[in-house]
Amino acid sequence: MSFKLNNRFKSISGFVLALGLLFANPILASQQDTVASDSAKVATTAVAAPAATDSVAKDTTAAAGTAAVASASSTTEAGAAAPAVEEVKQIDPQVYKNFTYYVLLFLVICTVIAVIGKVLSIYELTRKMNGRYNPFANNTFQSALLFIFLVVFLYGVYWSYVHWGAAYWRSAVTEHGERIDTMFIITTAITTFVLVITHILLMTFTFLYRMRAKRQAYYYPHNNAIEKLWTIVPAVVLTVLVLFGFFTWRSITNVPEDLQKSALQIEVLGEQFQWNVRYPGTDGVIGKRNYKMTTPTNPYGIDFNDKNSWDDIQGSEIWLPVNKPVRFHIVSKDIIHSFFIPDFRVQINAVPGMTNYFQFTPTVTTEEMRDRLGDYNYDFVMLCNKICGSAHWNMQKKVVVVTEEKYKEWLAKQNKYFTEDLQKEFSGKTANVKKDSVQVTASLN
Amino acid sequence: MSSTVISHSAEHHDSHGHHHEESFIRKYIFSGDHKMIAKQFLITGIIMAVFAMLLSVLFRIQLAWPDKEFPILEVFLGKWAEGGRIKPEFFLSLVTIHGTVMVFFVLTAGLSGTFSNLLIPYQIGARDMASPFMNMLSYWLFFVASVIMVASFFVESGPASAGWTIYPPLSAVPTAIAGSATGMTLWLVSMVLFVASQLIGGINYVSTILNMRTKGMDLWKMPLTIWAFFLTAIVGMLSFPVLVSAVVLLIFDRAAGTSFYLSDLVVQGQILPNEGGSPILFQHLFWFLGHPEVYIVVMPALGLTSEVIATNSRKPIFGYHAMVYSLIGITVLSFIVWGHHMFVTGMNPFLGGVFMITTLIIAVPSAVKAFNYLATLWKGNIRFTPAMMFAIGLVSFFISGGLTGLFLGNAALDINLHDTYFVVAHFHLVMGSASIFGMLCGVYHWYPKMFGRMMNTKLGYLHFWLTFIGAYLVFFPMHFMGIDGVPRRYYAFTEFAFMAKWVSVNQLVTWAAIIAALGQVAFLWNFFYSIFFGKKAPQNPWQSNTLEWTTPVEHIHGNWPGEIPTVHRWPYDYSKPGHGEDFIPQDVPFSQTMSSNLPHDFEGDEEAERIQAEWNAQNGRKD
């Protein structure tokens, strides 16, 4: 039975292999095809390009009167081009061919693996017939592979720490961020130590204690002393980390009230898919926002009945004065976003219906950072870090840290939210709004 | 219920006949037999795993080559990959459904459903589950949930795309994202059915373990697998209903205009009427399940590997009691750590500090388990079956992924790592790869029990190495992206200067993912081929101690042809000094192993101790 099965298997695998070989040529052919089609594409684009230049030439040579006609013709040309483009977009039969070739290629690989497997089992059978079969050969081989894996793994860890970790590491540029970095480094040291030690143990044990003919395992069901030791040691290490982390966390999130008030206040409103920044203006107070007042002219929903909002400034970017505490008020217009500035070690979600706060002090200006990195295009960036829809991946705002003077200079150039149009709208409305609000309160009563 | 099963099967075997041959439907489809239901769970789980894996390959392709066109994608995906490029919204659908399917359908139902069903009656010595009908119901609810989840790819607006955590308002407001229309509805319906399936299953597992153990099988003689399934079922029973309440409130918000989670919204210029709700409420409810869920996923895997490591090291599991107590510790603590997913969501920061303390405490029992595994391997006589390789892989992933939990559980460090690739790396290693490896370890080890045939070991090794190396190549680099501040669920890294350097790393990761995915073909071939053509299995292929290997290879209704064996000893008497063989099955009485009995084996039974002392004196054995 099994012999038959093997035969059948061989015939099937032979057939698949033959099939693969048969298509080996078409693979080459397809490459030629793709080259050909590529060159054809080049040709078509080359044809298209002169046409375009032609039309441009027409435009430039044409008199002012005929310019309109020329442009019209160019639009018709574009119109004619559009269906052509669609035709090109229709799936090329080559795509199916390529796909089939890849599938066949995979089948060929499978066949090769099957053949190797058969060869190995034949080898084993002959060893068995010669009486030289070592039943532990494969066991030893796997334990050796695990040991080799250990070496490669440890080297890989080292390599990635150097090339992806240290090389790309950018130190924090805020006061609290430096504390976070210290803690990060300590935690990394501890965890790396444990990772390396446990993996060395795991994969040397598997090598040292692989099964051998006349060995018996050591019957060792428990040892309370050791178990207590490795319960208590991690517990102590973790307690240290917890305390360290807890106090850092409290110092970041639990800012005394007077410091909260003396900081520069900035409000950031997230929406699909952009950030809006509001500086408080000369009075230092951010005006109220009422989402119900959102209109096309007042997309931010600022409540201009609150006089504090009249001087609020619309920031095109986020500019911050260096070494000055700043308190961000994070709000959302629609769904949850997350206000995240990696270099600052700052993140808090923007949640509709509530305001979240994050207070910090930037310590390095953008220019200093550029010098530090040797990259003169480098910018701090604030990005959205909570899934928020199709353009979530590109919802950013540049963050610039500058000296106090430059900051003031920049702020002076920014627009106010309370534009003239809005002023007109509101001066007309205020009377009505007041009536409305009276009515609303009356009905609530 | 149990008594009827027993008497029925006894009758059946007394008559030695098959006079009531089961119909095909009763045997293979609407089966009440725990072995068949386990196979149904496993095969459905494997199909869902392949499906979710393909989704992950699709979004990996997008991440590696964001500017390249793959016209073949348009052939398969149509309008979602127009011009051969995956659309951003579809990308989010892919990550959402990949996450949901992997966490719930593969690693919860596929893992726990398969092995709880297979091993609970077998290892505790029961004829079947406490309620075979509920067991069947559990599978079929799961099956319907799977079908609905996959069906969401066939609705016009696309599948759910708010992330597997489906935070409202994104998931509640269809205008915010296309996937929150019909796709989200299907997701919610599917999850309600899924939770019902899990609850029915869990109640069944707990009642079976508590009531139907064979004679002599007291709680401290249960294999660690059973302990793990038992505690997992308890965690599931206590936490899954909370997900249902979260989901039901979300359904109300979506369909009935309530405002449990919604307030102050202006979506696409439209002022919504909802007031007074809180998106944070949903996060609390979700993570009250969501965090225990990761232990629901990983504890069965730990239970399976405990068994496999002990068997293949030919050595008792080190610190059996400590292993059980750490499982209990994890079970209890898993309910009070959910807030660590919400440090930066605007939850009260002081509460964040408290959750940070509980979170780091849960690392202690986890560490104990890892060390106990190492101690079990120490001075063993290790046999590297494919199952054992996967078990070693699990220990490696559990350590390397668990350690990064120390960063994320620390609220201060989490500020910068929250929702970055660091998180992706962390949970894919510690609960993704580790649990999948636990599941595969279980499949390779118990395949002879399930199908009566052996799998091909060579293909097993090939599968292991491709998957093990692939998983590390895929997830290890992600740590560094996360440290650099690259957020997860980004469609492309092209718009940020600082992310440009990661595109080449993404290509490495994607190639590793593709090769590892193709490596799964070795498993699928092996699995399905061996069902029909594998070598016939012996009764106890791994020289294992637990009761399932005392049953005949051919499956019979009621598991044991005669009486259920009585249990006399714990399941880890491997390489006991003084005994001829290196294993003593649980049903071997101490009277047959006089030469290897130890004083504490008798648990203070003076009569037995006296007999042993007499025997020792006669045979010149020092006790």
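In the predicted model, strand β4 (residues 318-321) of chain A pairs with strand β10 (residues 396-402) of chain A in the parallel sense, over four bridges. Within this pairing, the residue opposite Trp319(A) is Val400(A) of β10(A). In a regular strand, side chains alternate between the two faces of the sheet. Strand β4 of chain A is covered on both faces. Ile318(A) and Leu320(A) lie on one side, Trp319(A) and Pro321(A) lie on the other, and all four are buried.

Chain A as a whole contains ten helices and eleven strands. Of its 445 residues, 25% count as buried. When contacts in chain A between residues at least 6 apart in sequence are considered, 71% join residues at least 24 apart.

Chain A also touches chain B, in a contact that takes 93 residues from chain A and 100 residues from chain B. On the side of chain A that touches chain B, at least two residues each are supplied by the helices α3 (93-130), α4 (137-166), α5 (175-208) and α6 (224-253), and likewise by the strands β6 (337-341), β7 (346-350) and β9 (380-384). The element that gives the most to this side is α6(A), with 15 residues. By residue class, the side of chain A that touches chain B comprises 49 nonpolar, 33 polar and eleven charged residues.

How values were computed
Residues numbered from 1 in each chain as written. Chains lettered and ligands numbered in written order. Predicted model: local features only at pLDDT ≥ 70, side-chain atom pairs only at ≥ 80, totals over all residues. Buried ≥ 20, exposed ≤ 12 C-beta atoms within 10 Å, placed from the backbone. Contact = placed C-beta atoms within 7 Å. Nonpolar A, V, L, I, M, F, W, Y, C, P; charged D, E, K, R; others polar. Pairing = 2+ DSSP bridges.
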